[in-house]
Amino acid sequence: MENFLLDNEDILFHLENMDIDRIITQKEDNFKDAKEYSYAPVDIADAKDSYKKVLSIIGEISGENLAPLAAEIDEEGVKLVDGEVQYAKGTRKMLDMFAKADLMGFSFPRKYNGLNFPSIMLSVAAEIVSRADGSFLNFGLNQDIGETINKFASDKQKQEVLPLLASGELGCSMILTEPDAGSDLQAVNLRAHQSASGQWFLNGVKRFITNGNGEIGLVLARSEDGQTGARGLSFFLYRRDEHMVIRRLEHKLGIHGSPTCELQFNNAPVTLVGERKRGLSKYTMWLMNSARLGIAGQALGIAESAYREADKYAGERIQFGKPVREFPPVFEMLTEMKVSIEASRTLLYETARFVDLKEGLEEMQERYPDRKAEFKTDLKRYSRLSSLFTPIVKAFNTEMANKVAYDAIQIHGGTGYMQEFGVERHYRDARITNIYEGTTQLQVVAAIGGVTSGTAISIMDEYEG
Ligand SMILES: Cc1cc2nc3c(=O)[nH]c(=O)nc-3n(C[C@H](O)[C@H](O)[C@H](O)COP(=O)(O)OP(=O)(O)OC[C@H]3O[C@@H](n4cnc5c(N)ncnc54)[C@H](O)[C@@H]3O)c2cc1C
C-alpha cells in the first residue's frame, strides 16, 4: 500500500520534532471546540495525533489513488465545451474522493465544517498531494481563497460560501491578473461600479485565472474612478452566474490538469470584501502570501517525486557494467537533489510556523482585546519574520524544484526526455512554480526590506547562537 506520508522519513521526523505546541494552543483557544465537535482535539497530544491521522489519509489517497492517475490527467488535460470547463476524468474522480474524505475544508474553522488545521500542516499536505500530481493542488486542498474569506469577509459572506467550499460543492479562484497587469497589480483596470441601490457590478477581462470556472471568485477591481495605482482598488466576492463568460482556456507547457481561464465580466453582481481601497495593499497581499506557501509546497512535492524516480532509475540502469548511480557525477547529482529537497522542506515548515504564530497572535488579539499589550512584541516579531521568509521560501523552493526536475531528466539520459517516464512531466510542471503567485524576481523585491532592515541577520544570529 503506497502512502506518501508514511514512506517519507524526513517528513515523519519533522512531524515528531516540530515546535508547534504554542501554535496548537492559539489555534484551539483552550480546546473549546471539543465541547461542540466530537472530532475536535481535547489537548495538544490529541491535536498532534489528529494531524498525523489526517495527513496519513492524504498520504494514502495520494499514493494509492492520485499518483497512478497523474500521467492520464496530464495527457487528457482540460477542455472548454460550450463555455464550460471539463476536467480530466481522473481529476473529477479525485476531487470527489477528497471531498468525501472531508478534506476540502482542511484549514477552515469547524463552524464552517473545516478541520481547523494550521498552515504548517497544510504545507505537509501540499507537498504530499503535489508529489502525486502537481496540477491537483490547484483545486484539491486549495485553501487560500477560503482562508482569505474567513479572515476578511463579513459573517454573511462566510456563512454563504465557506461550508460549500469545505464540502467540495463549490470550486474557487483568485482573480487578479489582466493582460496589462501581471507582476504590477497596481495597474489592474477591471471596473467595479456601484448602482444607486448600492449593488456592486464588475466589467472587464481577467486572464490566466487558475480554476476560473469555479463558482466562487475573489476579484481585484478598480472601484475608485480617476484614482490610479493601488489606492483605487477594492476586493470583491463573486458568485458565478450568467454575467461571466469563460472566453478561452490556455494551452500550457505543464500542469495540464489545472484549467487556466480568460474571463469576461459583463455587469456581474458582486459584494465588497472588507473596506474599499484596500483591495491590493491588504487583502490581495494576504491572499498571495498565503498562496505562496502552497506553491512552495507544490514545488517541493514535484521535486520529491522527480528525485525518487531519478534515484530508482539510477539504481536500475546499467552502463559500463554497473548501475549509473555508482558513477560519481550521477551520485553527486542525486546527493544534491536530496539535500536541497530537505533544506527546502525545513525552510517551508519554519516559514509556515512563523505564519501560524503570527496569525494565531492576531486571532488572540481579536478574541481578547484587553490583553492586546501582552501579544504585541511577539506579533511584531512573527509579522516581520513571515514577511521575510514567505518570499524567500517561494523563491528558494520553486527554483530548487526546477533544478531537481532538470537533473532528474539528466540522470535518465535520453529516456528522461520521453513521455513514458514521469520526469518529463515533472520538468514541465515545475516550470510554472517560479512564475505564478509572483515570479522569483518579485519575491526578491518582496524580501529585500527584511534583509536591509536587519531582520534576516538577526534571525541568522539566533539560529547560530
Ligand atoms: C498557469 C498560470 C496560472 C496562473 N494562475 C493565476 C490565477 O489563478 N490568478 C491570477 O490572478 N493570476 C494567475 N496567473 C498569473 C501569474 O500570477 C502571472 O503570470 C505572474 O504574476 C507574472 O506576471 P506576467 O505573466 O504578467 O509577467 P510580467 O509581469 O510581464 O513579467 C515579465 C518578466 O519581468 C520580470 N519583472 C516584472 N516586474 C519586475 C520587477 N519589478 N523587478 C524585476 N523583474 C520584474 C518578471 O519577473 C518576468 O521575468 C497565472 C499564470 C499562469 C501562467
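How many bridges join strand β7 to β9? Strand β7 (residues 233-239) is joined to β9 by four bridges, and the two run antiparallel. Strands here are DSSP runs of E with at least two residues, helices are DSSP runs of H or I with at least four residues, and both are numbered from the N terminus. Two strands count as paired if DSSP finds at least two bridges between them.

The model is predicted: local features need pLDDT of at least 70, side-chain atom pairs count only at pLDDT 80 or more, and totals for chains, interfaces and linings use all residues. Residues are numbered from 1 along each chain as its sequence is written, and side-chain values use heavy atoms, with hydrogens and water left out.

Strand β9 (residues 260-273) is also joined to β5 (residues 200-210), antiparallel, by nine bridges. Strand β8 (residues 244-249) pairs with β9 in the antiparallel sense over five bridges. Within β9, V270 stands opposite W200 and opposite Y238, while F265 is the bridge partner of M244.

Helix α9 (residues 279-316) has 38 residues and reaches 54 Å from first C-alpha to last, close to the 56 Å expected at 1.5 Å a residue; the expected span is 1.5 Å times one less than the number of residues. Of the 38 residues of α9, 28 are buried, so the helix is largely enclosed by the rest of the structure. Buried means under 20% relative accessible area, with a 1.4 Å probe and protein chains only.

V423 lies in helix α12 (residues 422-433) and counts as buried at 0% relative accessibility. Beyond neighbours within four places in sequence, V423 is in contact with residues including A306, E309 and H412, where contact means heavy atoms within 4.5 Å. V423 and V270 are 43 Å apart in space, C-alpha to C-alpha, and 153 residues apart in sequence.

Key: Buried < 20%, exposed > 50% of the residue type's maximum accessible area, 1.4 Å probe, protein only.
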